[in-house]
Amino acid sequence: MHISEGILPAKWAVAWFGAAAPFLAKGLKDFKRRVQEVPTFKPVLGLMGASIFIISMLPIPVPIAGTCAHPCGTPMAAILVGPFLSTLLAAVSLLLQALFFAHGGLTTLGANIISEGVVGSLVGYGVFRLLRSRGVSLGLAAGLAGWLGDLAVYATTSAELALALHGTRPALSVGMAIFGAFLPAQLPLSVLEGVITAGMVNYVWKHRPDILIQLGVSQGKTGGVMA
Amino acid sequence: MNRKKRLKTPSPALMIVLTLLLLAMAATAFAAGAMAQEKPKGSKWSGTDTIVEKFAEDLGGIRAREPFINTDQGDLLLFLFALGGFGAGFTSGYLWRTLFAEKQRPVDV
(Lines give C-alpha, C1' and ligand atoms only; values in the text may rest on other atoms or scores of the structure.)
Protein backbone atom coordinates (compact mmCIF):
# COMPACT_ATOMS: atom_id res chain seq x y z
CA MET A 1 0.00 0.00 0.00
CA HIS A 2 3.02 2.27 0.06
CA ILE A 3 2.38 5.14 -2.34
CA SER A 4 5.70 5.85 -4.00
CA GLU A 5 7.61 9.12 -4.13
CA GLY A 6 6.08 11.81 -6.33
CA ILE A 7 2.83 9.99 -7.15
CA LEU A 8 0.56 12.46 -5.36
CA PRO A 9 0.18 16.08 -6.48
CA ALA A 10 1.59 18.61 -3.97
CA LYS A 11 -1.78 19.82 -2.65
CA TRP A 12 -2.86 16.28 -1.80
CA ALA A 13 0.50 15.43 -0.26
CA VAL A 14 0.25 18.48 2.02
CA ALA A 15 -3.40 17.76 2.85
CA TRP A 16 -2.62 14.22 3.99
CA PHE A 17 0.25 15.48 6.16
CA GLY A 18 -2.18 17.96 7.73
CA ALA A 19 -4.74 15.22 8.31
CA ALA A 20 -2.15 12.95 9.95
CA ALA A 21 -0.67 15.61 12.27
CA PRO A 22 -3.36 15.59 15.03
CA PHE A 23 -3.21 11.79 15.29
CA LEU A 24 0.59 11.90 15.68
CA ALA A 25 0.32 14.64 18.31
CA LYS A 26 -2.18 12.55 20.28
CA GLY A 27 0.14 9.56 19.95
CA LEU A 28 3.04 11.52 21.45
CA LYS A 29 0.83 12.71 24.30
CA ASP A 30 -0.39 9.15 24.98
CA PHE A 31 3.21 7.89 24.93
CA LYS A 32 4.31 10.13 27.78
CA ARG A 33 1.27 9.24 29.89
CA ARG A 34 1.20 5.49 29.33
CA VAL A 35 4.93 4.93 29.84
CA GLN A 36 4.49 6.30 33.36
CA GLU A 37 1.28 4.39 34.04
CA VAL A 38 2.12 0.89 32.74
CA PRO A 39 5.39 -0.85 33.78
CA THR A 40 5.47 -3.21 30.78
CA PHE A 41 4.52 -0.54 28.26
CA LYS A 42 7.98 0.18 26.83
CA PRO A 43 8.83 -3.41 25.84
CA VAL A 44 5.34 -3.96 24.40
CA LEU A 45 5.65 -0.72 22.42
CA GLY A 46 9.11 -1.73 21.16
CA LEU A 47 7.83 -5.17 20.16
CA MET A 48 4.90 -3.64 18.28
CA GLY A 49 7.16 -1.09 16.57
CA ALA A 50 9.55 -3.77 15.34
CA SER A 51 6.60 -5.95 14.30
CA ILE A 52 4.98 -3.20 12.24
CA PHE A 53 8.34 -2.47 10.59
CA ILE A 54 8.87 -6.10 9.62
CA ILE A 55 5.28 -7.00 8.74
CA SER A 56 4.66 -3.92 6.59
CA MET A 57 7.84 -4.46 4.58
CA LEU A 58 7.55 -8.20 4.07
CA PRO A 59 6.57 -9.00 0.49
CA ILE A 60 4.59 -12.23 0.72
CA PRO A 61 4.01 -14.05 -2.60
CA VAL A 62 0.33 -14.78 -3.23
CA PRO A 63 0.23 -17.61 -5.79
CA ILE A 64 -3.41 -17.11 -6.83
CA ALA A 65 -2.67 -13.48 -7.74
CA GLY A 66 0.89 -13.92 -8.99
CA THR A 67 1.97 -10.84 -7.06
CA CYS A 68 3.51 -10.02 -3.70
CA ALA A 69 1.78 -8.01 -1.00
CA HIS A 70 2.21 -7.34 2.67
CA PRO A 71 0.02 -7.17 5.76
CA CYS A 72 0.13 -4.00 7.90
CA GLY A 73 0.51 -4.90 11.57
CA THR A 74 -1.28 -1.77 12.75
CA PRO A 75 -4.59 -3.43 13.78
CA MET A 76 -2.62 -5.74 16.09
CA ALA A 77 -0.59 -2.86 17.54
CA ALA A 78 -3.72 -0.73 17.98
CA ILE A 79 -5.43 -3.44 20.04
CA LEU A 80 -2.42 -3.68 22.37
CA VAL A 81 -1.08 -0.12 22.65
CA GLY A 82 -4.02 1.96 21.42
CA PRO A 83 -4.80 3.48 18.02
CA PHE A 84 -2.83 6.72 18.39
CA LEU A 85 0.40 5.12 19.55
CA SER A 86 -0.01 2.54 16.82
CA THR A 87 -0.26 5.43 14.34
CA LEU A 88 2.94 6.90 15.77
CA LEU A 89 4.75 3.56 15.42
CA ALA A 90 3.51 3.25 11.83
CA ALA A 91 4.77 6.77 11.08
CA VAL A 92 8.28 5.97 12.35
CA SER A 93 8.29 2.71 10.41
CA LEU A 94 7.06 4.38 7.20
CA LEU A 95 9.67 7.14 7.57
CA LEU A 96 12.50 4.60 7.85
CA GLN A 97 11.12 2.64 4.90
CA ALA A 98 10.87 5.79 2.78
CA LEU A 99 14.37 6.95 3.69
CA PHE A 100 16.39 3.76 3.42
CA PHE A 101 14.33 1.02 1.78
CA ALA A 102 12.92 2.70 -1.36
CA HIS A 103 9.48 1.83 0.02
CA GLY A 104 6.93 4.64 -0.09
CA GLY A 105 8.16 8.21 -0.19
CA LEU A 106 8.76 11.34 1.84
CA THR A 107 6.21 13.41 -0.10
CA THR A 108 3.63 10.63 0.22
CA LEU A 109 4.42 9.92 3.88
CA GLY A 110 1.30 11.76 5.11
CA ALA A 111 -0.99 9.72 2.87
CA ASN A 112 0.71 6.49 3.87
CA ILE A 113 0.42 7.41 7.58
CA ILE A 114 -3.30 8.05 7.11
CA SER A 115 -3.93 4.71 5.39
CA GLU A 116 -1.67 2.32 7.28
CA GLY A 117 -1.39 4.21 10.56
CA VAL A 118 -4.63 6.04 11.22
CA VAL A 119 -7.21 3.95 9.34
CA GLY A 120 -5.59 0.56 10.02
CA SER A 121 -5.33 1.38 13.72
CA LEU A 122 -8.74 2.96 14.18
CA VAL A 123 -10.62 0.27 12.25
CA GLY A 124 -8.73 -2.55 13.98
CA TYR A 125 -9.19 -1.00 17.42
CA GLY A 126 -12.83 -0.05 16.78
CA VAL A 127 -13.85 -3.49 15.48
CA PHE A 128 -12.07 -5.21 18.38
CA ARG A 129 -13.71 -3.02 21.03
CA LEU A 130 -17.13 -3.26 19.41
CA LEU A 131 -17.04 -7.04 19.16
CA ARG A 132 -15.66 -7.45 22.70
CA SER A 133 -18.42 -5.24 24.08
CA ARG A 134 -20.89 -7.63 22.37
CA GLY A 135 -19.32 -10.62 24.11
CA VAL A 136 -17.31 -12.01 21.18
CA SER A 137 -14.29 -14.05 22.28
CA LEU A 138 -10.84 -12.42 22.46
CA GLY A 139 -9.36 -14.38 19.57
CA LEU A 140 -12.31 -13.98 17.21
CA ALA A 141 -12.61 -10.26 17.94
CA ALA A 142 -8.88 -9.77 17.30
CA GLY A 143 -9.01 -11.87 14.15
CA LEU A 144 -11.89 -9.91 12.65
CA ALA A 145 -10.21 -6.65 13.68
CA GLY A 146 -7.03 -7.66 11.86
CA TRP A 147 -8.93 -8.80 8.77
CA LEU A 148 -11.09 -5.70 8.43
CA GLY A 149 -8.29 -3.34 9.49
CA ASP A 150 -6.09 -4.68 6.70
CA LEU A 151 -8.79 -4.29 4.05
CA ALA A 152 -9.56 -0.80 5.33
CA VAL A 153 -5.91 0.20 4.79
CA TYR A 154 -6.03 -0.83 1.13
CA ALA A 155 -9.46 0.75 0.63
CA THR A 156 -8.03 4.00 1.98
CA THR A 157 -4.97 3.84 -0.29
CA SER A 158 -7.34 3.30 -3.22
CA ALA A 159 -9.40 6.32 -2.15
CA GLU A 160 -6.29 8.50 -1.75
CA LEU A 161 -5.09 7.62 -5.24
CA ALA A 162 -8.55 7.99 -6.78
CA LEU A 163 -9.14 11.41 -5.21
CA ALA A 164 -5.81 12.71 -6.50
CA LEU A 165 -5.71 11.07 -9.92
CA HIS A 166 -9.28 10.48 -11.14
CA GLY A 167 -9.17 13.42 -13.56
CA THR A 168 -12.45 13.60 -15.49
CA ARG A 169 -13.57 10.12 -14.46
CA PRO A 170 -15.75 9.52 -11.38
CA ALA A 171 -13.52 9.15 -8.33
CA LEU A 172 -15.64 6.28 -6.96
CA SER A 173 -15.25 4.25 -10.13
CA VAL A 174 -11.49 4.82 -10.18
CA GLY A 175 -11.23 3.98 -6.49
CA MET A 176 -13.12 0.73 -6.95
CA ALA A 177 -10.91 -0.19 -9.90
CA ILE A 178 -7.77 0.33 -7.82
CA PHE A 179 -9.23 -1.55 -4.87
CA GLY A 180 -10.22 -4.32 -7.27
CA ALA A 181 -6.61 -4.57 -8.42
CA PHE A 182 -5.48 -4.91 -4.81
CA LEU A 183 -8.08 -7.52 -3.82
CA PRO A 184 -6.76 -10.73 -5.45
CA ALA A 185 -3.55 -10.47 -3.41
CA GLN A 186 -4.96 -8.65 -0.41
CA LEU A 187 -8.00 -10.78 0.36
CA PRO A 188 -5.87 -13.82 1.32
CA LEU A 189 -3.34 -11.60 3.09
CA SER A 190 -6.07 -9.85 5.07
CA VAL A 191 -7.09 -13.28 6.36
CA LEU A 192 -3.43 -13.88 7.27
CA GLU A 193 -3.39 -10.52 9.07
CA GLY A 194 -6.45 -11.65 11.02
CA VAL A 195 -4.73 -14.90 11.96
CA ILE A 196 -1.55 -13.08 13.07
CA THR A 197 -3.56 -10.58 15.12
CA ALA A 198 -5.67 -13.27 16.78
CA GLY A 199 -2.57 -15.40 17.41
CA MET A 200 -0.67 -12.55 19.05
CA VAL A 201 -3.52 -11.43 21.30
CA ASN A 202 -4.32 -15.02 22.29
CA TYR A 203 -0.63 -15.73 22.99
CA VAL A 204 -0.30 -12.73 25.29
CA TRP A 205 -3.56 -13.69 27.03
CA LYS A 206 -2.33 -17.23 27.57
CA HIS A 207 1.20 -16.42 28.75
CA ARG A 208 1.02 -12.91 30.26
CA PRO A 209 -2.62 -12.03 30.94
CA ASP A 210 -1.37 -9.34 33.34
CA ILE A 211 -0.07 -7.38 30.32
CA LEU A 212 -3.51 -7.28 28.70
CA ILE A 213 -5.02 -6.24 32.03
CA GLN A 214 -2.41 -3.49 32.53
CA LEU A 215 -2.91 -2.26 28.98
CA GLY A 216 -6.68 -2.13 29.44
CA VAL A 217 -7.34 -4.73 26.76
CA SER A 218 -8.94 -7.17 29.16
CA GLN A 219 -10.42 -7.07 32.65
CA GLY A 220 -9.24 -10.38 33.94
CA LYS A 221 -10.39 -13.98 33.93
CA THR A 222 -13.53 -13.20 32.00
CA GLY A 223 -11.45 -11.43 29.39
CA GLY A 224 -13.91 -8.56 29.32
CA VAL A 225 -12.97 -5.23 27.81
CA MET A 226 -12.46 -2.41 30.23
CA ALA A 227 -14.95 0.37 29.92
CA MET B 1 -16.14 -39.69 32.98
CA ASN B 2 -17.78 -37.40 30.51
CA ARG B 3 -14.91 -35.82 28.59
CA LYS B 4 -17.13 -34.37 25.92
CA LYS B 5 -17.17 -30.65 25.85
CA ARG B 6 -20.45 -29.01 25.09
CA LEU B 7 -20.14 -26.73 22.10
CA LYS B 8 -21.45 -23.27 22.77
CA THR B 9 -24.01 -22.03 20.29
CA PRO B 10 -22.89 -18.63 18.99
CA SER B 11 -25.19 -15.80 19.97
CA PRO B 12 -27.67 -14.61 17.32
CA ALA B 13 -26.08 -11.14 17.41
CA LEU B 14 -22.66 -12.59 16.59
CA MET B 15 -24.10 -14.67 13.76
CA ILE B 16 -25.81 -11.59 12.31
CA VAL B 17 -22.60 -9.54 12.55
CA LEU B 18 -20.53 -12.28 10.89
CA THR B 19 -23.11 -12.85 8.14
CA LEU B 20 -23.31 -9.12 7.41
CA LEU B 21 -19.52 -8.84 7.32
CA LEU B 22 -19.22 -11.75 4.90
CA LEU B 23 -22.00 -10.39 2.69
CA ALA B 24 -20.41 -6.95 2.66
CA MET B 25 -17.06 -8.47 1.80
CA ALA B 26 -18.49 -10.59 -0.99
CA ALA B 27 -20.39 -7.60 -2.42
CA THR B 28 -17.27 -5.42 -2.29
CA ALA B 29 -15.15 -8.08 -3.94
CA PHE B 30 -17.76 -8.61 -6.67
CA ALA B 31 -18.20 -4.90 -7.34
CA ALA B 32 -14.49 -4.16 -7.25
CA GLY B 33 -13.72 -7.13 -9.48
CA ALA B 34 -16.33 -6.02 -11.99
CA MET B 35 -14.97 -2.48 -12.05
CA ALA B 36 -11.35 -3.54 -12.27
CA GLN B 37 -11.45 -4.61 -15.90
CA GLU B 38 -8.80 -2.08 -16.76
CA LYS B 39 -6.47 -3.10 -13.99
CA PRO B 40 -2.86 -2.87 -15.04
CA LYS B 41 -0.84 -6.03 -14.89
CA GLY B 42 2.57 -6.03 -13.25
CA SER B 43 5.38 -8.48 -13.90
CA LYS B 44 5.30 -11.87 -12.14
CA TRP B 45 5.63 -11.50 -8.37
CA SER B 46 5.75 -7.73 -8.56
CA GLY B 47 4.55 -6.01 -5.39
CA THR B 48 1.19 -4.29 -5.08
CA ASP B 49 3.12 -1.01 -4.87
CA THR B 50 3.96 -1.55 -8.52
CA ILE B 51 0.23 -1.80 -9.24
CA VAL B 52 -0.19 1.61 -7.61
CA GLU B 53 2.55 3.07 -9.77
CA LYS B 54 1.02 1.65 -12.94
CA PHE B 55 -2.37 3.10 -12.05
CA ALA B 56 -0.81 6.51 -11.42
CA GLU B 57 0.88 6.37 -14.80
CA ASP B 58 -2.25 5.22 -16.62
CA LEU B 59 -4.62 7.65 -14.91
CA GLY B 60 -2.62 10.82 -14.54
CA GLY B 61 0.50 10.19 -16.58
CA ILE B 62 2.45 10.49 -13.33
CA ARG B 63 5.56 8.38 -12.87
CA ALA B 64 7.05 7.63 -9.47
CA ARG B 65 10.10 9.75 -8.70
CA GLU B 66 13.39 8.31 -7.67
CA PRO B 67 13.57 8.15 -3.85
CA PHE B 68 15.43 11.04 -2.19
CA ILE B 69 18.00 8.50 -0.97
CA ASN B 70 18.06 5.97 -3.77
CA THR B 71 19.15 2.69 -2.23
CA ASP B 72 17.75 0.65 -5.13
CA GLN B 73 21.18 0.23 -6.71
CA GLY B 74 22.76 -3.14 -7.23
CA ASP B 75 22.82 -5.19 -4.05
CA LEU B 76 22.58 -2.15 -1.77
CA LEU B 77 18.83 -2.58 -1.24
CA LEU B 78 19.30 -6.29 -0.55
CA PHE B 79 21.92 -5.41 2.05
CA LEU B 80 19.62 -2.87 3.70
CA PHE B 81 16.69 -5.29 3.74
CA ALA B 82 18.89 -7.93 5.36
CA LEU B 83 20.21 -5.39 7.87
CA GLY B 84 16.73 -4.04 8.62
CA GLY B 85 15.35 -7.55 9.02
CA PHE B 86 18.20 -8.49 11.33
CA GLY B 87 17.81 -5.34 13.45
CA ALA B 88 14.03 -5.59 13.75
CA GLY B 89 14.22 -9.36 14.30
CA PHE B 90 16.83 -8.97 17.01
CA THR B 91 14.80 -6.25 18.72
CA SER B 92 11.61 -8.33 18.54
CA GLY B 93 13.38 -11.40 19.91
CA TYR B 94 15.00 -9.47 22.76
CA LEU B 95 11.74 -7.82 23.80
CA TRP B 96 9.81 -11.08 23.37
CA ARG B 97 12.27 -12.71 25.76
CA THR B 98 11.90 -9.80 28.19
CA LEU B 99 8.12 -10.08 28.12
CA PHE B 100 7.47 -13.80 27.86
CA ALA B 101 10.56 -15.86 28.63
CA GLU B 102 12.16 -14.24 31.64
CA LYS B 103 10.79 -15.20 35.02
CA GLN B 104 8.58 -12.42 36.25
CA ARG B 105 9.65 -10.95 39.55
CA PRO B 106 7.05 -9.37 41.84
CA VAL B 107 7.04 -5.62 41.40
CA ASP B 108 8.35 -3.69 44.42
CA VAL B 109 6.01 -0.93 45.45
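Helix axes are lines fitted to C-alpha atoms over the stretch in contact, and the angles between them run from 0 to 180 degrees between N-to-C directions. Helices themselves are DSSP runs (H or I, at least four residues), numbered from the N terminus. The structure described here is a predicted model, in which local features need pLDDT of at least 70, side-chain atom pairs count only at pLDDT 80 or more, and totals for chains, interfaces and linings use all residues. Residues are numbered from 1 along each chain as its sequence is written, while chains are lettered from A and ligands numbered from 1 in the order in which they are written.

Within chain A, the axes of helix 6 and helix 7 come within 6 Å and cross at roughly 155 degrees. Helix 6 of chain A and helix 7 of chain A are therefore roughly antiparallel, a term for angles over 145 degrees. By class, their contact has 24 nonpolar, ten polar and two charged residues; Ala, Val, Leu, Ile, Met, Phe, Trp, Tyr, Cys and Pro count as nonpolar, Asp, Glu, Lys and Arg as charged, and the others, Gly among them, as polar.

Helix 7 of chain A covers residues 171-207 and spans only 47 Å between its end C-alpha atoms, whereas a straight helix of 37 residues would span 54 Å (1.5 Å times one less than the number of residues). The same helix 7 of chain A bends by about 55 degrees at A:Leu183, and A:Pro184 follows within four residues. The bend is the angle between axes fitted to the seven residues ending at a residue and the seven starting there.

Helix 3 of chain A (residues 74-81) packs on helix 5 of chain A (residues 109-133) at about 60 degrees, with the axes 7 Å apart.

On the helix 6 side of chain A, the contact includes A:Gly146 and A:Gly149.

Between the chains, 49 residues of chain B are in contact with 51 residues of chain A, contact requiring C-beta atoms, placed from the backbone, within 7 Å. Helix 3 of chain B gives the most to its side, with 14 residues. That side has 27 nonpolar, 15 polar and seven charged residues.

Terms used. Contact = placed C-beta atoms within 7 Å. Helix = DSSP H or I, 4+ residues; strand = E, 2+ residues; numbered from the N terminus. Parallel < 35°, antiparallel > 145°, perpendicular 65-115°, else oblique.
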